[in-house]
Amino acid sequence: SVLSDGAVEITDYNGSAEKVDIPEMIDGKSVTSIGESAFNGCTSLTSITIPNGVTSIGESAFINCTNLTGITIPDSVTKIGMTAFLGCSNLAGVTLPNGLTKISYGTFEYCTSLAKITIPNSVKEIGYVAFGDCSSLTDIVIPNSVTEIGLHAFDDCESLTSITIPNSVTSIGSYAFINCTALTAINVASQNKNYTSENGVLFN
């Protein structure tokens, strides 16, 4: 689809390839966004490369791509929509782009093979159930840029053994770490005494 600014958005994929490289240009026009549900349910897809120049990945763009194991996201991406990778059950590791400011609602929910993720220093907010049911995630370091951890953000991350919460965090949503049954270490910056929760229930 050609947008009003003359750039191109990928709106749908009908192929059955295992590996997809999205082009930087189509018909002489720059590809700048991956549209809502563009790759929804592409179960043949195992890896995808997004070119530099793409700034936005739409809501549910890769939802239920159950065989996706790897994805390259360039630093040009500043927005990833809600539930973008929900249900990508074979996605094992992700490096998020520098410049991303929010991990939205359900972005990686039910990514049950996700063992490692690098959160860049640009992220300010980890949204509601962003990593819910990421049952293979073992540890996570939240950068000093994050100020808010949303409701149920790490709900049912049953392999999570440690979490580091920096001084920058001032708000942690209720049930943020509920059912993290393997959690043995919670490292909170010594000077951080100010974060709040809706009802005080963070861990259970």
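I103 is found in strand β10, which spans residues 102-103; strands are DSSP runs of E with at least two residues, numbered from the N terminus. The model is predicted, so that local features need pLDDT of at least 70 and side-chain atom pairs count only at pLDDT 80 or more, while totals for chains, interfaces and linings use all residues. Residues are numbered from 1 along each chain as its sequence is written, and side-chain values use heavy atoms, with hydrogens and water left out.

I103 is buried, with a relative accessible area of 1% (buried means under 20%, exposed over 50%, partly exposed in between, with a 1.4 Å probe and protein chains only). Beyond its neighbours within four places in sequence, I103 is in contact with residues including L96, F108, I119, V123 and I126, where contact means heavy atoms within 4.5 Å. The C-alpha atoms of I103 and G150 lie 9.9 Å apart, although 47 residues separate the two in sequence.

Strand β10 belongs to an open sheet of 4 strands in the order β10-β12-β14-β16, with parallel pairing; two strands pair if DSSP finds at least two bridges between them. Because β10 and β16 (171-172) stand at the edges with a single partner strand each, one side of each has no neighbour in the sheet. Within the sheet, β12 (residues 125-126) and β14 (residues 148-149) run parallel and are joined by 2 bridges. I126 stands opposite I149 in β14.

Y128 is found in the loop between β12 and β13 (139-141). The residue is partly exposed, with a relative accessible area of 40%.
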